[in-house]
Each structure stands twice: as C-alpha cells, then as structure tokens.
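Please look through the structure shown here with this briefing beside you, following each group of points in turn.

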Amino acid sequence: MTEERELSTPVQPVSAAKAVADRLIAAIAVGDYSAGERLPAERDLADMLAVSRVTVRAALADLREAGYVEIRRGRTGGSFVRQDWGERTATAVRNLLGADWAQLEQLFDLRRLIESLIARTAAERHTLEDDAAIIGALQRYEEARDGVAARSADVELHRNIAVAAHNPLLADLSRQLLAQVSLGITHEPFTPALREMALPQHRALVNAVTGSDPDTAARIAGEHFRITEHALRHAVGKASD
C-alpha cells in the first residue's frame, strides 16, 4: 500500500505541470510571448489556464531548467522569456497544435464567420460612444512601444468592436473562440511582422465600423482574423521540418 501511494501521489501534479509548461512553450513559439518579455504573474497564469498556482510554479521551474525563462527577483522581477524556440518546442507544438489541426481548421473558419458578423453588426449599430472607445483603442495600438502594450490595445480594440454590436452573446462567443484557438491565452500572438500585417487592417476595420460600412467591415474582419492562423500554421510547419 505504501509503495502504491508513493508511486501514484506525484503523478498528477507532475503531469499537470508538464502540460502547462508545454502549453507555455507552444504559446511562446507562436508569438503569444516574445524573448525578453515577462510572462504573466503566477496567479494570472493559473486563472488563465484553469490550474492551481502550485502547478504554475512547478511549470515555470521546469521552463527555467529547460532554458526557456529566467527568474528575476525584486519589484520588477518575474519570469522572463529567454528563447522562443528550444529543444522541446517542436514536440510541444506538434502535440498541442498539429495533433488536432483538423479541429483547429474548423475553429478558424467559425471564428472568421463570427468575427465578420460582429464587425458587420457593429457597423450597423454603433453609437458615438462606441466610436470614441474604438478609436481610442486604435490610437493606443498605434502608439504601443512593446508587445505587452500592443496586445493589450489589440484586445481592447476588438472587445470594443464586439461591444458596439450590442449583443453580449456575440461578445462572449468571440472570447470563447479566442481562448480555443490560442492555447487558452487571452490575447492574439504578437511579433513585429504580425503587427505590420495587423496595423493597416485595424485602421481599415475601424474606419469601416465607425463609418457605418457593414460589408467592408465584415470583409476586413474575415481577413484580419487570419493573422492568428498564420502564426499557428508557421509554428506547426516549423515543428514539422
């Protein structure tokens, strides 16, 4: 009985911690977090990934040992990304993304349909208050000096467009689809190259929504949400080489 307890006790936390570590490795690979960037705090990661802080702490220790992050102490400390592609990355990406790629393709398609509908509806129903919030978020995205600020402004922009559709169920569905296509991370991937693709689309989308042009808003939204697909496809392709 003692032997069974000793063998079984550590399996669950170790397995959960490795699963979280692999998910973060894949998230780093697709651009959710970049080299030199601080990961969210333990509590935020635990909430985001629906696991305990103990599990997150063990996962971060695993990432540190594997060379993916470094731990810095002090008021501005935390877990900082050291590299975006390491020895375990290809396996993590293949297991988390490649294995369920057919389902991801369906989610990509569904997301484009829903986000196009949201943009179209926002262009039809927006108010002056909505316009101010949308334009303000776009300005913050344009002025963002780093990935953290850009991701925050990106989330705010698309949330404000969803709010302008004046249907909370659509906004909730948008958030759910983001979580499903982004490994549970609550924002889109970000790299300088992806930002160059996103910025003109953001401007055109905002102009279409605030300018009451539903057809253009729907078309641009459908194109815009291919950017996350591009990041995931690139990572899966690299992992398969």
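Trp 101 counts as buried in this predicted model, because its relative accessibility of 17% falls under the 20% cut-off for that class. Phe 108 also counts as buried, at 2% relative accessibility.

**The aromatic pair**

- A pair of aromatic rings is described by the distance of the centres and the angle of the planes.
- When the whole structure is searched, 1 aromatic pair is found, and the residues that form it are Trp 101 and Phe 108.
- The arrangement of Trp 101 and Phe 108 is edge-to-face, with 5.7 Å from centre to centre and 70° between the planes of the two rings.

**Charges over rings**

- Arg 195 is placed over the face of Tyr 141, where the distance to the ring centre is 5.1 Å.
- Lys 238 is placed over the face of Trp 85, and here the distance to the ring centre is 4.4 Å.

- Arg 151 belongs to helix α8, which covers residues 147-164.
- With a relative accessible area of 5%, Arg 151 is buried, because that value is under the 20% cut-off.
- The side chain of Arg 151 reaches the backbone oxygen of Asp 32 at a distance of 2.9 Å.
- Leaving aside residues up to four places away in sequence, Arg 151 touches Gly 31, Asp 32, Tyr 33, Ser 34 and Glu 37, together with His 187, Glu 188 and Phe 190.

Definitions and conventions. Residues are numbered from 1 along each chain as its sequence is written. This is a predicted model: local features need pLDDT of at least 70, side-chain atom pairs count only at pLDDT 80 or more; totals for chains, interfaces and linings use all residues. Side-chain values use heavy atoms; hydrogens and water are left out. Helices (H or I, at least four residues) and strands (E, at least two) are DSSP runs, numbered from the N terminus. Buried means under 20% relative accessible area, exposed over 50%, partly exposed in between (1.4 Å probe, protein chains only). A polar contact is a pair of N or O atoms within 3.5 Å; within protein, one must be able to donate a hydrogen and the other to accept it, and residues adjacent in sequence count only if both atoms are side-chain atoms. Contact means heavy atoms within 4.5 Å. Rings of Phe, Tyr and Trp (its six-membered ring) pair if their centres lie within 6.5 Å; planes under 30 degrees apart count as stacked, over 60 as edge-to-face and the rest as tilted. A charge sits over a ring if NZ of Lys or CZ of Arg is within 6 Å of the ring centre and within 35 degrees of the ring normal.
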